[in-house]
Amino acid sequence: MNTNVFKTSMHKFYIVIFLSFLFSFSNGAYADADGAKNFVKSISDKVLAVVKDKSLSDSQKEKELTNIFQNSVDAKWMGRFAMGKYFRQASGEEQSKYLKLYNEFLIHSYVPRFREYTSEEFKISDVKAVEDGQVMVQTELVPQTKDAPAIRVDYRIKSDAGIYKVIDVVGEGVSLITTQRSDFGGMISSKGVPYFISKLEERVKNLKLQVASNGGKS
Amino acid sequence: MQFHKYLAVFFLCACSFSPSAFSEDVKQENSKAKSTPAINITADKPEDQDLGYIKTDGDPLEPVNRGIFAINDAIDKAILSPVARTYKKVVPEWGREKIGNFVDNLKTPVTVVNSLLQGDVDNALTSFWRFFVNTTVGVGGLNDVGQEVGLKQREEDFGQTAGHYGVGPGPFLMLPVIGPSSLRDTVGFAADSASNPFNYVGGAAVAGKAATEGVHERSEYLDLTDEIERTSFDPYSAYRSAYLQRRNDQINNGEK
């Protein structure tokens, strides 16, 4: 049954997550859905410009994309959501250590994957107001092969005093932070917060080594 | 054939599991639809919010599911995933594309029936013409001519039909070999198999179809499973959550 569910496009979901983040950062204030749409569009152009720039080395690209990521994504917000109820159970020290690691975890998991980009076309298909005054910018990644279906990726965007930030990436209906909440919670509920944080630290360390040795390809 | 017997047995077992959890789930979903808070007082506390996404943590059969997951994982690592990797390496992309089209085409009758059951005449007709065009011009379904002429594929199944009429997923189930499912989708899957005319063409052909489907589809989500292995801390929970979200999205046809 999982075959049915994941077959059409889920298998590409994680590959495109890095793009999703990068396509959607913010450095200005937009008061409405249309503004958010134009904003995402202009960012996607900039990101593609970096990815396609032949004069930049891979490590230079990674640096630029990481900068874009840091300016566009509210990793602190996402990290808190992802840890869910266990965030309150953690000590202040654990909380700040976790949030720092979570930020690195996202960056080192997804930014290096720009290498897998294969000329998909990026299209904004719709913009919707959702709960809490947030906006969902719905996009499609259209593969160049003629009979492959497009991949739907939505960005959830919140605004604070006119500064927009990405707080979730939803690929084919699967929310990154909701999946992480189950994923992290599954470990924390049986092994506890300190164990989880030590595993996260280990993971971040390994991801950094991987990037250093083979450019993020596994 | 044996596969179907197996499914039937499992289906019966599944139905004897906690009906209360099943109805509770439906209730939960109904009450949720009505209550969207107008004012958000927890905006600064993301850990207390759910952003209106479906809940994916309920799991009354977790110990059993985890046991099956461990066995599945071992079988997958020993047999399924190596076979799928070899298939991906040996068969060129255009060949895999044709096999994928062929496998998809055989499922189209089930999509037509379920689109009609959901009152979605549009998708029923689109799927009907896809099947017609792909089977004839597309040489027995090897070529997705339908997609090229703008007949877009959207698969429907009995699990989605039940979901369309408000049936919640019920308890999450990890099925042996097949993988993540729910009570609703397991029943639906049994109905899909029973209603698919191509499952009645004879033993060897059905076995061949099942094997082809299995290998091809496993190869299609190698990237996903590799990625979950790479990024998750408790893969079982990640699969459960992703499965339930994806099914919910399919039921809403990606429009919610």
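## The lining of the second largest cavity

The residues that line the second largest cavity divide into no nonpolar, 4 polar and 6 charged, where Ala, Val, Leu, Ile, Met, Phe, Trp, Tyr, Cys and Pro count as nonpolar, Asp, Glu, Lys and Arg as charged, and the others, Gly among them, as polar. Among these lining residues are D104(B), K107(B), R130(B) and E155(B). A cavity here is a set of points, on a 1 Å grid over the protein atoms alone, where a 1.4 Å probe fits but cannot get out, and a lining residue has an atom within 4 Å of a point.

The structure is a predicted model, in which local features need pLDDT of at least 70 and side-chain atom pairs count only at pLDDT 80 or more, while totals for chains, interfaces and linings use all residues. Residues are numbered from 1 along each chain as its sequence is written, chains are lettered from A and ligands numbered from 1 in the order in which they are written, and side-chain values use heavy atoms, with hydrogens and water left out.

## Where the cavity sits

Helices α4 and α5 (121–136) of chain B each supply at least two residues of this lining, and α4(B) gives the most, with 4 residues; helices (H or I, at least four residues) and strands (E, at least two) are DSSP runs, numbered from the N terminus. The volume of the second largest cavity is about 70 Å³, a volume being the space filled by probe spheres set on the grid points, which are joined across faces, edges and corners. In the whole structure, a search finds 3 cavities of 30 Å³ or more.

## How the two chains meet

Between the chains, 59 residues of chain B are in contact (heavy atoms within 4.5 Å) with 56 residues of chain A. The area buried between chain B and chain A, that is, the accessible area (1.4 Å probe) that the two parts lose on being put together, summed over both, is about 5200 Å², and carbon and sulfur atoms give 54% of it. E47(B), R230(B) and F233(B) supply 17% of the area that chain B buries against chain A, more than any other three residues.

Across this interface there are 5 salt bridges, a salt bridge being a side-chain nitrogen of Lys or Arg within 4 Å of a carboxyl oxygen of Asp or Glu. The side chains of R246(B) and E172(A) form a salt bridge, with 3.7 Å from N to O. On the side of chain B that touches chain A, α11(B) gives the most, with 12 residues, and by class that side has 16 nonpolar, 17 polar and 26 charged residues.

## A salt bridge within chain B

Over all chains, the structure holds 35 salt bridges. The side chains of K77(B) and D73(B) also meet in a salt bridge, at 2.9 Å from N to O. Because these two residues are 4 residues apart in helix α3 (residues 62–90) of chain B, K77(B) and D73(B) are separated by about one helical turn.

Definitions and conventions. On a 1 Å grid over the protein atoms alone, a cavity is a set of points where a 1.4 Å probe fits but cannot get out, and a pocket is an open set with protein on both sides within 12 Å along at least five of seven lines; lining residues have an atom within 4 Å of a point.
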